[in-house]
Every structure is written in structure tokens, then in C-alpha cells.
Amino acid sequence: PSPFTRYAVLSNTFSNQKTELADIDWDNLGFAFLPTDYMYVMKCSRDGNFSKGELQRFGNIELSPSAGILNYGQGLFEGLKAYRKEDGSILLFRPEENAQRMRMGAERMCMPSPSIEQFVEAVKATVLANKRWIPPPGKGSLYIRPLLMGSGAVLGLAPAPEYTFLIYVSPVGNYFKEGVAPIHLIVEHELHRATPGGTGGVKTIGNYAAVLKAQSAAKAKGYSDVLYLDCVHKRYLEEVSSCNIFVVKVCCPHLGWYDDCLMCVRAMGYCSCWRHRRCLPVGLPSGGQALSISHDKIISTPAIKGTILPGITRKSIIDVARSQGFQVEERLVTVDELLDADEVFCTGTAVVVSPVGSITYRGKRVAYGDGGGFGVVSQELYSVLTQLQMGLIEDKMSWTLGL
Ligand code: COI
């Protein structure tokens, strides 16, 4: 029997539900689970085919104690968001990207997965059924959590014989308790999140269990979250427990990043960038006028090489940054570069774009900006991305899906 038979199948009753807002405190949403009205369930039997899914009343599910997900962690999840617009319509942000990522993850975890169309249709149905839980414009979003799990019973180590695809939703506000204020990260150099050849690059549930120890220790010391290094060299940035990382460097174009500023003075006159402003304006060119020097900002983020989650917000921010004229590099980024950066920020579906106020590495703390909020670059990218997601600016990339 289906683990879900306890719940009545609701044939279209959801479409008649009242559409006004749920009665909750919309001004104080954090990132905590709030049960909503419906969840979507679709089962995949031994033949590898998914049955027609259905909306059910939200509630607990039944699983065999021997289910593959409980015993061997055969499970994936996704995260995406729906936004309510002023005109009452709803926007989903890039749902087919999540569908595609779930398919890649399922292949790595030996699971069948819904087609892109099945995934997107299921997300749409779940969001519409829970419409009254989508926050009013500007108050947050509806976080959508698709799960794919080995729900069939196994005892010997093997892929489960049956699978369940389930979607639930919850209204959310800011992920970090800091809100949109800068977060404080500690670099972990002993525990690792992922290994080459492992599953770090897919959204399997085990990746998140693996970071809880370091994350709990960091939080107990007052840090917001943990930044992981690669496990081979212990030198290159990977990602934060819950999001990807970006560093911004102001580059003095005529000097390169690390040259001594005195060269700049001799060659070009007084350089007023924050990095060089301690220089005396000696050796100015004739006329004594300081030259105005443009300072390009280069944005770098660790390349996707199998140990880092290919974040959809990460990918979107790279495209937004390039469209805004920034140079973006996906490459190995060292912890030294991080400590020497001018601005650091994180991206993720849950965290959106979150400025980093400080990094602590082996007891050394480096602070960025004035400690007050976004840096110039992260502010610009956050603003463009969120306006796109909320339908406030033209979506030239066709990233949003209206419901
Ligand atoms: C997301 O950002 O959607 C995630 O899945 C990260 C999770 C730790 C909240």
C-alpha cells in the first residue's frame, strides 16, 4: 500500500480554496518551517515510471523503516521560490533549472527522476494550491522544497526499489538572522564538505548533514556560517554550508593587484583607491594634477568542478554581473585572495545575495566594508536580481515563469 493512503486525495478542492492571505505575521518571517495547506506527491514504481502525481493535504508521511532514504541516504532536494506581484500574479524563478539539476543529481544517486515538465507542472500545482501562503510583495517569498527519495524498502546496500517525489512549501523571509546585514563566516580547515569524485556537486541530503558539526560549532561561537576549503590542498575556497561564495577585488589596472603602490606613484601620479591611498602624492606628472585612474572590479568565484554545488542563484548572479559590465572569473580562488578581497558576498536560493562582513581564518579576522551593509558590487547585483525575481524590471533573460 502507498505510504500516503492515510491522506485523502483532494480532487480539485484546492482550486476552490479562499485565496486571501493566510493569517500569520507577514512582517516577521524568518527562514523557519511553517506548515501550509497542500503537498504534491508522485510515486515511481519498480518499472521506473512516475505515476500521475497528486496534491494531498499537507501532513506527515509514512515510510518503511527500511526505506532507502532512511538507511542509505538515497535522497535529493531542491529549493526555489515563488513571489507575489502587486497585481496578484505569481512569479517562479527558473524552475526548469531546478528540474534539470534534480535530474543530474538523480543520475549520480542512482534514482529515477521526474521529467522537466513533470517537475515544473508539479511546482506550479503546489504553489497555486498554497497561494494564500505566498507573502505579500516585499515581505518575502514562498520557498518551494522538492524532494526525491528512495522510499522503497532495502536491507542490503542497493538502490531502493521505489521512489517518491514530493513537494512542500513554506513562506520565508531572510535566511540569516542578520537579515540583510553582513554575515560573519569562519573558514573551516579541518572538516570538509566534499571530496573529488564524491557527491559535493549534487544536492544530496547527506551533503547537508555533513556540515552540521562545523556549522553548530561556528554558531556557538557567534559566527553566521562556515566556509569550506578544498580537502586536497586545504587552500582553495569551496562553498559555505548553505550557499556559494564570491570575492570582489578592486584592480588597479595599470599595476595589477599586488604591485607596490610606489610604482603607481612614480609612474602615474597619486593613486586614490582605498588600497593605495596611504601613498604620498609625490612624483606627480608635470602640472601637479593627480590622474584619475579607473579601478576595475573583478568578481571571482570557485569554478564548478564536482565538489561545489552549481547554484542557480550563483549562475544567475554571474550572468547579471556580466550584463552589468563586470568581469567575472570562475576559477580556483585561494583563501589568501579571500583575505585580501575588497568585498565578499554569498549567493543561494535561500540566502539570495548576502554580504559578508568578516572572515575568520586560523584565528585571524578580516573585516570588509564599513560593517554596515552591502558593498557596492553586492548591492548592485542584489538589487538587479531581486527586482527581476519580483517582476519589478523587465525580464530580458526570460528567467521568470508567471502563474
Ligand atoms: C537553498 O538555498 O535553497 C538551499 O537549498 C540551501 C539550504 C541549506 C536552505
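Predicted model: local features only at pLDDT ≥ 70, side-chain atom pairs only at ≥ 80, totals over all residues.
Two strands count as paired when DSSP finds at least two bridges between them, and the strands themselves are DSSP runs of E, at least two residues long, numbered from the N terminus. Residue numbers start from 1 along each chain as its sequence is written.

So who sits beside strand 6 (residues 141-150)? Strand 4 (residues 80-84) pairs with strand 6 in the antiparallel sense, over three bridges, and Ala82 has Leu142 as its bridge partner there. Then comes strand 7, joined to strand 6 by 10 bridges and running antiparallel, with Phe165 as the bridge partner of Leu148.

Strand 6 is mostly covered, with eight of its 10 residues buried (20 or more other C-beta atoms, placed from the backbone, within 10 Å of a residue's own). Now pick out Ile144. Beyond its neighbours within four places in sequence, Ile144 is in contact with residues including Leu80, Ala82, Val123, Ile167 and Val169, contact being C-beta atoms, placed from the backbone, within 7 Å.

Ile144 also features in the largest nonpolar core, which has 90 residues: along with Leu185, Val226 and Val344, Ile144 touches the most other members. Strand 7 (residues 163-172) supplies the largest share of this core, seven residues. Such a core is a set of buried Ala, Val, Leu, Ile, Met, Phe, Trp, Tyr and Cys residues joined through C-beta atoms within 7 Å.

Notes:
Buried ≥ 20, exposed ≤ 12 C-beta atoms within 10 Å, placed from the backbone. Helix = DSSP H or I, 4+ residues; strand = E, 2+ residues; numbered from the N terminus. Contact = placed C-beta atoms within 7 Å.
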